[in-house]
Amino acid sequence: MKKNLYLLRHGQTYFNYYHKVQGRCDSPLNEMGIRQVEMARDYFQKNNIHFDKAFSSTQERACDTLEIATDHQMPYKRLKDLREKCYGIFEGRDEFLLPWNYNNPNVDPTMEKDEDVVNRMHRAVVEILDNINDGGTALIVGHGDILAKYVRDVADPNFAGFANASIVKLSVDGKNVHLDKYVWPAEGLKQI
């Protein structure tokens, strides 16, 4: 029987706005981010999307996003495996310093390996699927890099990625995972 997963990236943070590498360090949602998440919440409500269970990364920006998206009405479980990729020595620094911006294939040894990030996400999804009944629906709130790597690995290798507070709906039927929809309710939101 099919299970549904809604993956929601956190709203914009101060680090996002200033183009800082966030990874494991944390930055709170800014006013734009809060508004983006409110628009995601409104999308769920307007489309009668209800969640049986909810799960979040342990990072503040993800927990705050989940609480806003569910109108502070839903208990949730925080999972360390949903945390964002660790960028090592680049944490908190300007994004332009990341090596791939210069076509440098050498990844700093202090950074978490991509395959480890994907494996963590797989572990988290297995735990989540084990905790929802057949026909059930779960909300998973996390981060752009880990969520996108997972979607590319299981459903669509050409998936472009997550904007802040954008949503991917996945349906899981046994071992088959399908990308049903990508929506970004806040796409037209003007900068505050």
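## Helix α3 across the sheet

Helix α3 (residues 60–69) lies across β1, β2, β3 and β4, and runs at about 155° to β2. Contact here means heavy atoms within 4.5 Å. Axes are lines fitted to C-alpha atoms, for helices over the stretch in contact, and angles run from 0 to 180 degrees between N-to-C directions. Helices (H or I, at least four residues) and strands (E, at least two) are DSSP runs, numbered from the N terminus.

The model is predicted: local features need pLDDT of at least 70, side-chain atom pairs count only at pLDDT 80 or more, and totals for chains, interfaces and linings use all residues. Residues are numbered from 1 along each chain as its sequence is written, and side-chain values use heavy atoms, with hydrogens and water left out.

## The sheet

Six strands form an open sheet in the order β3-β2-β4-β1-β5-β6, with mixed pairing. Its edge strands are β3 and β6 (176–183), each of which pairs on one side only. From one strand to the next, the twist averages 25°. Two strands pair if DSSP finds at least two bridges between them.

Strands β5 and β6 pair in the antiparallel sense over seven bridges. V168 stands opposite Y182 in β6.

## Helix α4

Helix α4 (residues 114–130) has 17 residues, which at 1.5 Å a residue should span 24 Å; its end C-alpha atoms are 25 Å apart, which agrees. The expected span is 1.5 Å times one less than the number of residues.

The buried residues of α4 are V117, V118, R120, M121, A124, V125, I128 and L129. They cover an arc of only 170° around the axis, which puts them on the same side of α4. The arc is that of the directions from the helix axis to the C-beta atoms. Buried means under 20% relative accessible area, exposed over 50%, and partly exposed in between (1.4 Å probe, protein chains only). The buried residues of α4 pack against β1 (2–9), β2 (53–57), β3 (77–79), β4 (137–142), α5 (144–154) and β5 (167–173).

## The nonpolar cores

A nonpolar core is a set of buried Ala, Val, Leu, Ile, Met, Phe, Trp, Tyr and Cys residues joined through side-chain atoms within 4.5 Å. Of the 25 residues in the largest core, L5, L7 and F162 touch the most other members. At least two residues of this core come from each of β1, α4, β4, α5 and β5, and α4 gives the most, with six residues. A second, separate core of 20 residues includes A40, F51, L139 and V141.

Leaving out residues up to four places away in sequence, L5 touches V125, I128, L129, I132, A138, I140, V168, K169, L170 and V172.

Helix α5 is mostly covered, with eight of its eleven residues buried. These are G144, D145, I146, L147, A148, K149, Y150 and V151, and they pack against β1, α4, β4, β5 and β6. V151, in helix α5, has a relative accessible area of 0% and is therefore buried. Residues up to four places away in sequence aside, V151 touches L7, D156, F159, F162, V168 and L179. The C-alpha atoms of V151 and L179 are separated by 7.7 Å, although these residues are 28 residues apart along the chain.

H143 is found in the loop between β4 and α5. It counts as buried because its relative accessibility is 0%. Apart from its neighbours within four places in sequence, H143 is in contact with R9, H10, S57, Q59, R61, A62, L82, R83 and E84.
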